[in-house]
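Student: I would like to learn how to read a few features from a model. Could we start with the terms and then take the cases one by one?

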Amino acid sequence: MNYVSVEHIAKAFGERVLFKDISFGINEGQKIGFVAKNGTGKTSLLNIITKVEQPDEGQVVYRKNLKVAFLPQEPNLDPSLTIEQTIFASDNETLQVISNYEKALLNPDDAEAYQKAFEQMDAINAWDFETQYKQILFKLKLEHLDKKVSDLSGGQKKRLALANILLSKPELLYLDEPTNHLDLEMIEWLEEYFAKENFTLFMVTHDRYFLENVCNEIVELEGGKLYSYKGNYAYYLNNKEARITNEQIATEKAKQLYKKELEWMRRQPKARTTKSKSRIDDFFEIKERAHKRRNEHQIQLEINMERLGSKILEIHKVSKKFDNLTLLDQFEYVFKKGERIGIIGKNGTGKSTFLNLITGSLAPDQGKIVIGDTVKFGYYTQKGITIKEGQKVIEVIREFGDYIPLKKGRQISAQQLLERFLFDRKKQYDFVEKLSGGERKRLYLCTVLIQNPNFLILDEPTNDLDIVTLNVLENFLLDFPGCLLVVSHDRYFMDKIVDHLFVFRGNGVIQDFPGNYTDYRVYESSSTPQNTTTETSEAKTKKTWKKDSKAGLSYNEQKEFNRIERDLKKLELQKKEIEALFAEGTLEGDDINKQSQKLQTIISEIEENEMRWFELSEKMEQ
């Protein structure tokens, strides 16, 4: 069944034509990944098919009464609502059914209305809605349900908007970079969720494993034309390569034919027959094909970096903790030349603290870190670049260096490096404040690289980068002869770049795993399953809209029991938030003491509430 028909659309900005005469359809059951280079019209096409903006030509036609949802990169949420209130304020069919049922309960004399409401609840399984939305929120690390939207980070807002959309269960779902701000565990859960749920998807994402595991079709916008590949990401790569090869063969043939026809054109007199005029028209078409060029951006740098000595980086029995939270415990490692290590682990387990210890912005509690005399760090952090008002792109990079020395006496200038990272000469003289988030990340990356480090430390370098830029970065890193330490949630990137992993498991436990991310997942799945709690207690809450009797408790005791459960959840979440602050390593001086006292108060309240909860629980069972 056809959901959407995109018919002959075109879009241009002044003389710059992004695309023209583009047509395609979105059908039921398709899971389409949309890929394109930055600046080629990817965002414009997505905005047109989601009706955010209008095309210059053509139209987009939707099937009548189609239920559609769109997750943009910057969702628009009401800042005055809490997380839970946001869920209940959404335009969700299930919530309307629940509302009708609750009204019916208030009017027990109207048996017909009650029966109808009851049947509607059964029809869409609305009884489990509370369990469903809490499970999704907890999977997306949104456990503090009474926290206001205004207090959420950009990543948390994106995850809340995603939860809202998943709960609405649309027939067609548009997603713009859905895996941004998700850790590895969340991404893998979302993959499985889309695999079992019957969504039709059209998504823009730079996560290539997500494209591989979720999509059954890849659509690429290139050179103003749309190319469709009826398979996953691996199928797309293979068939795109075949298409490019065929285009190159066709171009060579056109060149030969062009030479032949050019000679014929030069021999022709002014008066020509109808037949020759047709041949002249064909000539100009052949000329266009013969002069076709592919403008691929590839980076192949033979960097002449400063030589690394025998002593690089040694970590001797290093420990680091914040109050009761242990991040490193007697950790030891000696780096060798050319090592390429990936770091994975849940938020709050100490990954960023580890990088700050290595680079000297944090001091260990115990042990020592020895850095070799020849080591020159290049540190790419999540904070990004500091923008100075009125500064141009080329001026930013020249503050850090004018060139990178290459082998055989060659060098690459700041301008050339920017070009290789997809900043053309015109873009280099734009003001930095005009750049998009992804372009600023690229520029920041260039400022790190032009300093010619021999030990690169990259903290989430793939965020906000498109697939073309990721390929450029990967090609650079594959040729990089120095040491490499990478924190990333991009599994494809990690598999391609690193040799082994540091797995941060929490409580100071760091496992050195000899392999890449896929090797690690295979190892984990083949290991003996450990006993873990399947869901948070709140996610297993009984159905809210069925009678919930607590035998053995008085009415006031039932109210107290429910209040204690709610208070415990809030206190646990507050405890986790403070522990996460310590894990980030950003607290200083009085803030450390203040948060320590607050944490101790919360722990005492948890213990008191738990004692009373057990008393009431025992009374319930009597």
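Tutor: Helices (H or I, at least four residues) and strands (E, at least two) are DSSP runs, numbered from the N terminus. Residues are numbered from 1 along each chain as its sequence is written. This is a predicted model, in which local features need pLDDT of at least 70 and side-chain atom pairs count only at pLDDT 80 or more, while totals for chains, interfaces and linings use all residues; side-chain values use heavy atoms, with hydrogens and water left out.

Student: Where does L422 lie?

Tutor: L422 is in the loop between α13 (414-420) and α14 (437-449). Most residues other than glycine have a negative phi. Phi of L422, however, is positive, near 75°.

Student: What is the phi of D323?

Tutor: Near 55°, again a positive value in a residue other than glycine. D323 sits in the loop between β10 (313-322) and β11 (325-334). Buried means under 20% relative accessible area, exposed over 50%, and partly exposed in between (1.4 Å probe, protein chains only). D323 has 34% relative accessibility and therefore counts as partly exposed.

Student: In which order do the three strands of the open sheet run?

Tutor: Strands of a sheet pair through backbone hydrogen bonds, either parallel or antiparallel. Two strands count as paired if DSSP finds at least two bridges between them. Here the order is β2-β1-β4, with antiparallel pairing. β2 (16-27) and β4 (57-62) are the edge strands, each pairing on one side only. From one strand to the next, the twist averages 15°. Axes are lines fitted to C-alpha atoms, for helices over the stretch in contact, and angles run from 0 to 180 degrees between N-to-C directions.

Student: Over how many bridges do β1 and β4 pair?

Tutor: Five, with β1 covering residues 2-13. A10 stands opposite E57 in β4. Helix α1 (residues 42-49) lies across β1, β2 and β4, at about 45° to β2.

Student: Which residues touch the most other members of the largest nonpolar core?

Tutor: A nonpolar core is a set of buried Ala, Val, Leu, Ile, Met, Phe, Trp, Tyr and Cys residues joined through side-chain atoms within 4.5 Å. The largest one has 89 residues, and F335, F354, L485 and F502 touch the most other members. Helix α18 (residues 555-584) supplies the largest share of this core, seven residues. Apart from it lies another core of 54 residues, including A69 and L152.

Student: What is F335 in contact with?

Tutor: Contact means heavy atoms within 4.5 Å. Leaving aside neighbours within four places in sequence, F335 contacts I312, L313, I315, I341, F455, L485 and F502.
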